[in-house]
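Subject: Structure handover

Hello,

Here is the structure for you to look over. My notes follow below it.

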Amino acid sequence: KDNILTLADGNRMPQEGFGLYKVDGQEMMDRAIAKAYDEGYRLFDTAQLYGNEQAVGNAFQSLAIPRDNIFVTTKVAEENQGYERAIASVKESLHKLKMDYVDLLLVHWPIERSFFDTWRAFEAMKKEGLTKSIGVSNYQMIHLQYLATQATEMPVVDQIELHPLLTQKPLLKFNSDHQIVTQAWSPLGRGAILKEPVLQEIAVAHGKSTAQVILRWHLQNGVSFIPKSIHEERIAQNTDIYDFELTDREMTKIDALNAYHRTGREPELVYEYNKQY
Ligand code: A2P
């Protein structure tokens, strides 16, 4: 339960976190965060785009949790990319969260416009202490290679859609070769694979649910993952994965479910860079 990953910048991040996408309304937020904290989740993942940073801030304030007990991630929305805008938007996010800093700040999606200006703003915000670590989300290899042509510091995390129907093995290898921690969003494939027979068979063998089998697969792959649920029993279940182990054969069987299936959108290409290769 206390699996901690060390990032390339030396900061530490819990391997498992709690996703806050679609946790809406103050009452739902309060209940979800209280239950998740109680169950031992310490990483909480929000975004400007989710429209719930204020509710997240209120929830932590009413729980009176010491700031350094939790690890908070937010993400800069596409409309806020660009040097000045990114910084102004993060100040606004911190105001809503009622925090002096976030632990991890991510560029939510790669877009060609302001690609480098946004990243320069991230490097500056880390220096200024608005965030402890900087990273990206939905970046594929090409985006990371493009970023490397101008970045002073590289992202320490790449948060991507990752689940048994979209295993992204080449990107996982690229990231680990470059000291970038891969973090899975929609680790359960938005629930689309929970009835998959291969997973059901493995789940029965271990006396666990298919959701637990998938999360255990992420854990054993060494990636970070942030399941979301608004149901208390599922919030508990999703972090009750530390008392069993999948065999190599089971891991391989799950890998074989890859179907290149995205539940979300395809990351945009950076044409300027593409032209050169
Ligand atoms: P709910 O919030 O109603 O529990 P992902 O994290 O891959 O995006 O998937 C989240 C989806 O899976 C949500 O719709 C969530 O619904 C559902 N979910 C989360 N945990 C479980 C679980 N342990 N069993 C079944 N469904 C789950």
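A residue counts as near a molecule if its C-beta atom, placed from the backbone, lies within 6 Å of it. Please keep in mind that this is a predicted model.

**Ligand surroundings**

There are 18 residues around the ligand. The ones that come nearest are S186, L188, G191, A211 and S229. By class, the shell splits into 9 polar, 6 nonpolar and 3 charged residues.

S186 turns up again in the contacts of G264. Setting aside sequence neighbours within four places, G264 is in contact with S186 and E161. The C-alpha atoms of G264 and E161 are 7.5 Å apart, while the two residues are 103 apart in sequence. G264 sits in the loop between α10 (248-255) and α11 (271-274). Is G264 buried, exposed or partly exposed? It counts as partly exposed, because it has 13 C-beta neighbours inside 10 Å.

**Core and strands**

The largest nonpolar core holds 66 residues. V56 and L105 have the most contacts inside that core.

Which residues does L105 touch, beyond its neighbours within four places in sequence? The contacts of L105 are T74, V76, V90, F122, M125, T131 and I134.

L105 belongs to β6, where it stands opposite T74. β5 and β6 pair in the parallel sense, over 4 bridges.

β6 also pairs with β7, again in the parallel sense, here over 5 bridges. In that pairing, L106 has G135 in β7 as its bridge partner. Strand β7 runs over residues 131-137. It is mostly covered too, with 7 of its 7 residues buried.

**Backbone angles to check**

Two non-glycine residues with positive phi deserve a look.

- K22 is not a glycine, yet its phi is positive, at about 70 degrees. K22 is in the loop between β3 (17-19) and α1 (26-38). It is exposed, because 11 other C-beta atoms lie within 10 Å and the cut-off for exposed is 12 or fewer.
- A64 is not a glycine either, and its phi is positive, at about 55 degrees. A64 is in the loop between α2 (53-63) and β5 (71-76). A64 is exposed, because it has 6 other C-beta atoms within 10 Å.

**Helix α10**

D248 is found in helix α10. Why does D248 count as exposed? Because D248 has 8 C-beta neighbours inside 10 Å. D248 and L194 are 54 residues apart in sequence, and their C-alpha atoms are 20 Å apart in space.

**Annotation**

UniProt lists residues 30-258 as "domain: NADP-dependent oxidoreductase", in an unreviewed entry. In the model, that span is 44% helix and 15% strand.

Best regards

Key: Residues are numbered from 1 along each chain as its sequence is written. This is a predicted model: local features need pLDDT of at least 70, side-chain atom pairs count only at pLDDT 80 or more; totals for chains, interfaces and linings use all residues. Ala, Val, Leu, Ile, Met, Phe, Trp, Tyr, Cys and Pro count as nonpolar, Asp, Glu, Lys and Arg as charged, and the others, Gly among them, as polar. A nonpolar core is a set of buried Ala, Val, Leu, Ile, Met, Phe, Trp, Tyr and Cys residues joined through C-beta atoms within 7 Å. A residue is buried if 20 or more other C-beta atoms lie within 10 Å of its own, exposed if 12 or fewer, and partly exposed in between; C-beta atoms are placed from the backbone. Two residues are in contact if their C-beta atoms, placed from the backbone, lie within 7 Å. UniProt positions are given in the numbering used here, feature names are shortened, and annotations may be inferred rather than shown by experiment. Two strands pair if DSSP finds at least two bridges between them.
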